[in-house]
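Here are some notes for your first look at this model. Please keep the structure open as you read.

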Amino acid sequence: MESKEIRMLRERANEIRKDIIRMLGSAGSGHPGGSLSAADIVAALYFKVLRIDPRDPRRPDRDRFILSKGHAAPVLYAALAQRGYFPREELGTLRRLGSRLQGHPDMKKLPGVEMSTGSLGQGLSVANGMALAGKLDGMDYRVYVLLGDGEIQEGQVWEAAMAAAHYGLDNLTAFLDHNGMQIDGPVAEVMSPEPVSDKWRAFGWDVQVIDGHDMAQILGALERASAVKGKPQMIVAETVKGKGVSFMENQVGWHGVAPKPEEAERALAELEGLCLRPGLEGEGDGR
Amino acid sequence: MSGKTATREAYGRALAELGGYNKRVVVLDADLSKSTKTADFARVFPERFFNMGVAEQNLIGTAAGLAAAGKIPFASTFAVFATGRAFDQIRNSVAYAGLNVKIAATHAGVTVGEDGGSHQSVEDIAVMRSLPNLTVFVPADEAETFGAVRAAAEIDGPVYIRLGRAGVPPVHGQGFRFVPGKAVIIREGRDAAIIATGIMVAAALKAASALAGEGIEARVVSMHTIKPLDVEAVLSAARETGALVTAEEHSVIGGLGGAVCEAVCQLYPVPVKRVGLPDVFGESGKPEELLEKFGLTPSGIADAVRGAVKMKKAGI
């Protein structure tokens, strides 16, 4: 039997997936595959784990989440809107002229966005800086960052991995959205970063490997990570690109192509079917 | 005239002083702290100093994160690495994100000397100046460096400070006050104006003295802020003298010369001669030999002034 909380978070992830499809369908461009693969992780963070207050987005002791794989902006926007940072209707403005919802997250425009990302490989360094500042100030906030498995081909990621361990940033938890696909094809064929767990471990990180779509495993890994002392933590989340929409799952072609109106409808119908309790409202209860 | 001080040395001392009264200041380096002089800060405030190793991209990204969490990070390495190796991090994680990061880059220009062209940044002003949101300071001496460092800490936004390796004499008198974006006339003249930046300000003063002996009175302007450019100072120099010379230890493309030409072309066209590297990389040699080779000298500037005055008289 799953707990009420896990059921709530699964439903929330499904709502986030529906918003992703709606937003991308309306925008006519964007990145569905890597947004859908990260929906469960992002739901767990925004509706259970992160100590945040949408009414006071800049409060100094808040937890921080950086979407380093910035092209998955729709998953972040959907979570922020559903968490109350801005009206959910605004999701329909994604990628339009004058919108606060830029193609990649812009911290200057949208409340709740902790870092402007998009040029891959930069988010972990920024997370390091935030974690260092937290230690310097004796504050107990935690910093979370989500990396893509194509993204870790960037050299800067490994500079940052080295530094996070060197400075013992145990207030930093990273997720690897290990969906196995990048624009040009399977990650293993384009430029294999494997074995990823061994690499992060060799760089001095605590490493866990989980099913990135199993809410209980996500929560368990996060709880375990927060208890690790002296090391940054990597949670390698085995995920499926395009998760939740049958015709997008594991299809490289859906990395950076938005669904056409009829495809969006089919996708929404599928997600509707997955939804256990439609019209779910309410907020997570924080950490 | 008192002795010479490299602007990087002044930077180290200014930074240590700043750290004493501003606890938000943190400093990062990429394995060059003895050369960039951030070691002066590290000695007194070790808990606020972070060596990132030979990893400039992570240096700038980490500084961005510290800034996002309320710190005032000064990130230092050589200019060629800061603005070249980490350009995308400066562009996206700092300037585009509008974060309060100060990039203080030393060993700019050919006065790096013997290390050669791989280490001599001749394009950093151009690339930094082209980024929206960024303020660009190029101090000429110790006083301007102290002013630039203090001002950078006050500015809420990204700042690039270009510093040098070689000693430079003071160019300002006692009463000097550094005001960001405000050029300083340090010698008056009506026949031409030399607008100089960095180590070329001292050379410009010498050039003006030499020219005075020939009856050419040249104004000398220290343009310590390249961005935002003091357009008013450029235009009054153009109106009042009718002939301009720019002088910088940098390529003639895109730096101070480029900025001045952009301003006068659009607003008050007058002849402009640019002293700088003629679209070439540097090479190994003693700093003074390299300055001589590329005409970054009082006589090189004086020649340019004579040329500009000639063009003015010919009505070009």
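1. Start with A:D170. In this predicted model, A:D170 is buried, with a relative accessible area of 14%. The cut-off for buried is under 20%, so A:D170 qualifies at 14%. Its salt-bridge partner is A:K135, with N to O at 2.6 Å. A:K135 is partly exposed, at 39% relative accessible area. The pair links distant parts of the chain, 35 residues apart. A:K135 sits in helix α5 of chain A. A:D170 sits in the loop between α6 (155–166) and β3 (172–178) of chain A.

2. Next, look at A:D19 and A:R88. They form a salt bridge, and their closest N and O atoms are 2.9 Å apart. This pair too links distant parts of the chain, 69 residues apart. A:D19 belongs to helix α1 (residues 4–27) of chain A. A:R88 lies in the loop between α4 (73–83) and α5 (123–136) of chain A. Are the two residues buried or partly exposed? A:D19 is buried, with a relative accessible area of 5%. A:R88 is partly exposed, at 26%.

3. Now a local pair. A:R201 and A:D198 meet through their side chains in a salt bridge of 3.4 Å, N to O. Both lie in helix α8 (residues 196–202) of chain A. They are three residues apart, about one turn of the helix. An α-helix has 3.6 residues a turn, so residues three or four places apart point the same way. A:R201 is partly exposed, with a relative accessible area of 44%. A:D198 is partly exposed as well, at 45%. Elsewhere, salt bridges with shared partners join A:E15, A:K18, A:D19, A:R22, A:R88 and A:E272 into one network. Over all chains, a search of the whole structure finds 33 salt bridges.

4. How many residues does each chain bring to the contact? Chain A gives 25 residues and chain B gives 27. The area buried between the two chains is about 2000 Å². Carbon and sulfur atoms give 56% of that area. On the chain A side, A:Q122, A:L136 and A:E159 lose the most area to chain B. Together they make up 25% of what that side buries.

5. Check the polar side of this interface too. Twelve residue pairs are in polar contact across it, both residues at pLDDT 80 or more. One salt bridge is found across the interface. B:K71 and A:D137 form a salt bridge, with their closest N and O atoms 2.4 Å apart. Helices α5 and α6 of chain A each supply at least two residues of the side that touches chain B. The largest share of that side, eight residues, comes from α5(A).

6. Turn to helix α3 (residues 39–49) of chain A. This helix is mostly covered, with ten of its eleven residues buried. Among the buried residues are A:I41, A:V42, A:L45, A:Y46 and A:F47. A:D40 is also on the list of buried residues.

7. A:T173 deserves a look. This residue lies in strand β3 of chain A. A:T173 counts as buried because its relative accessibility is 0%. Its side chain makes a polar contact with the side chain of A:R142, at 2.9 Å. Which other residues does A:T173 touch, leaving out those up to four places away in sequence? They include A:V143, A:Y144, A:V145, A:L222 and A:A225. A:Q233 and A:I235 are touched as well.

8. Finish with the sheet in chain B. It is an open sheet of seven strands, in the order β3-β2-β4-β5-β7-β6-β12. The pairing is mixed. The edge strands are β3 (49–51) and β12 (225–227) of chain B, and each pairs on one side only. Neighbouring strands are turned by 20° against each other on average, direction ignored. Inside the sheet, follow β5 (residues 102–106) and β7 (residues 159–162) of chain B. These strands run parallel, joined by four bridges.

Methods:
Residues numbered from 1 in each chain as written. Chains lettered and ligands numbered in written order. Predicted model: local features only at pLDDT ≥ 70, side-chain atom pairs only at ≥ 80, totals over all residues. Heavy atoms only, no water. Pairing = 2+ DSSP bridges. Axes fitted to C-alpha atoms, helices over the stretch in contact; angles between N-to-C directions. Salt bridge = Lys/Arg side-chain N within 4 Å of Asp/Glu carboxyl O. Buried < 20%, exposed > 50% of the residue type's maximum accessible area, 1.4 Å probe, protein only. Contact = heavy atoms within 4.5 Å. Buried area = accessible area lost by both parts, 1.4 Å probe. Polar contact = N/O pair within 3.5 Å; in protein donor to acceptor, adjacent residues only side chain to side chain.
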